[in-house]
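Let's take a friendly walk through this two-chain model. Please have the sequence and the 3D view open as you read.

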Amino acid sequence: MSRQSGLWRACLGLIRRDLLCVSRHRAEAANPLLFFAMVATIFPIALGPDPKALAAIGPGAIWASALLSTLLSLEGMFRPDLEDGSIEQLLLCPHPLPVLVLAKVCAHWLATGLPLLLLAPLLALQFGLTMESTTTLLLSLALGTPALSLLGAVGVALTVGLRGAGLLLALLLLPLYVPILIFATGAGGAVQRGLAPSAHLNMLTALLVLALTLAPIAAAAALRVRG
Amino acid sequence: MSPERATASTEPALSVSGLECRRGERLVFSNLDIDLEAGEVLQISGPNGSGKTTLLRAIAGLTPPTAGEVRWCGRRIDEGRVEFLRDLAYLGHADGVKAELTVWEDLEVAEALRGGGLTVADALDRLGLTELADTLGRYLSAGQRRRLALCRILTSGARLWLLDEPFAALDEATITTVGRLLEQQAERGGLAIVTSHHPLPIDHARVVRLAA
């Protein structure tokens, strides 16, 4: 077996393992998604039925909910591995750790980011978003949520196992999440003003590429120290 | 892994020299030298807190030592990291068994992460877990989880085994089985370092005692 296919097999094995674990822990896995739906539903109720105001805040409200829900789900990425000791096996794997971390982030996004993306059109209805607005929102979520998971991996790798890690994690990550939030909601705002959202989406893509290349390396280094 | 690679070099397969580890301010051990040839099994004994686990983690490269170095086939393990890891199988204090996975699935993932030894079915058979293949990790007893963790060592086919208290929670029959596995590992030119309070159930094991 060549080394390349060995690495590929290892990554697929990890993704499969993490998704299996999530699928057998459905109640816990559904929590962030429920949280997302709940927060995004509270906005229209709290702000009243004015369709104009709702459409204006819709993308921003959905994005804020997505961000908070991601923050809630991040701990699950490495904490179980640290608790049951399988993190050691990961660290001692004869494969590049950043690639394995990327596989774990991938599994995390499939379990939390993707369901969020699928639920978002339904929530967009609550805000009465136009077709165009909804499409832009989905595009920005598709580009932004993987970046949230990637940056989140760095934060979790640094704080996993610490007491009071939740608040520390939020403090660490919120500044990193702000640029993503700005460009994502900027795209929504541009559409509503009748402009093309492509500039914002391009920036979002750039952020995703940046996170994709740097975050796994940083998270792997943090795990080596913590493991 | 072929045993020729060890004999190609005149140096000992594993050489630990001047190793010193600290936990916080406390000095756990210092100036530790160990040379291990292919086919040798080494037991590390010592009272609780004497640094057995710390030593094993330092040899695996999980915890960097404060002084000294570990060489594998003549190369420092932090320089030839990937080559070293390809030859290494580590059984930690924790079993690393996922509560949500069945025994078979758990071992399958381990095999995907670093295969090269026994197949999943063979490894389960060696440690008598075949009948539990479809049982979820959460329903396993402590001893059964330990056996599953040992299966992982077998699927790796690694030349160097680092086993931290492998006999913890095992019944007597399984202890004998593990002893036989250690002997087989030594016969095929492999190395094993085992921490344990009790004498190993094999004939020729060197012992290093760590003081409290």
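## About the model

This is a predicted model, in which local features need pLDDT of at least 70, side-chain atom pairs count only at pLDDT 80 or more, and totals for chains, interfaces and linings use all residues. Residues are numbered from 1 along each chain as its sequence is written, while chains are lettered from A and ligands numbered from 1 in the order in which they are written.

## Where the chains meet

The contact draws 18 residues from chain A and 22 residues from chain B; two residues are in contact if their C-beta atoms, placed from the backbone, lie within 7 Å. On the chain A side, the elements giving two or more residues are α1 (3–23) and α5 (86–91). Of these, α1(A) gives the most, with six residues. Helices here are DSSP runs of H or I with at least four residues, strands are runs of E with at least two, and both are numbered from the N terminus.

By class, the side of chain A that touches chain B has seven nonpolar, six polar and five charged residues. Ala, Val, Leu, Ile, Met, Phe, Trp, Tyr, Cys and Pro count as nonpolar, Asp, Glu, Lys and Arg as charged, and the others, Gly among them, as polar.

## A helix pair in chain A

Helix α6(A), residues 97–126, packs on helix α7(A), residues 131–159, at an angle of about 150°, with the axes 9 Å apart. Axes are lines fitted to C-alpha atoms, for helices over the stretch in contact, and angles run from 0 to 180 degrees between N-to-C directions. The two helices α6(A) and α7(A) are therefore roughly antiparallel, a term for angles over 145 degrees.

Residues of α6(A) in this contact include V101(A), W109(A) and L116(A), and those of α7(A) include L137(A), L141(A) and A153(A). By class, the contact of α6(A) with α7(A) has 15 nonpolar, five polar and no charged residues.

## The nonpolar core

The largest nonpolar core has 124 residues, and A153(A), A157(A), L88(B) and L162(B) touch the most other members. Such a core is a set of buried Ala, Val, Leu, Ile, Met, Phe, Trp, Tyr and Cys residues joined through C-beta atoms within 7 Å. The largest share of this core, 13 residues, comes from α6(A).

Leaving aside neighbours within four places in sequence, L88(B) is in contact with L92(A) as well as A60(B), A158(B), L160(B) and L162(B).

## An enclosed helix in chain B

Nine of the 11 residues of helix α4(B), residues 103–113, are buried, so this helix is largely enclosed by the rest of the structure. A residue is buried if 20 or more other C-beta atoms lie within 10 Å of its own, exposed if 12 or fewer, and partly exposed in between, with C-beta atoms placed from the backbone. Among the buried residues of α4(B) are E105(B), D106(B) and E111(B).

Helix α4(B) packs with α6(B), residues 142–156, at about 35°, with axes 9 Å apart. Their contact divides into five nonpolar, one polar and three charged residues.

## Two contrasting residues

L140(B) sits in the loop between α5 (120–126) and α6 of chain B. L140(B) is buried, with 21 other C-beta atoms within 10 Å. Leaving aside neighbours within four places in sequence, L140(B) is in contact with V97(B), T135(B), R145(B) and L148(B).

A212(B) lies in the segment after β9 (205–209) of chain B and is exposed, with 8 other C-beta atoms within 10 Å. Not counting residues up to four places away in sequence, A212(B) touches P47(B), G49(B) and S50(B).

Definitions and conventions
Angles under 35 degrees count as roughly parallel, over 145 as roughly antiparallel, 65 to 115 as roughly perpendicular and the rest as oblique.
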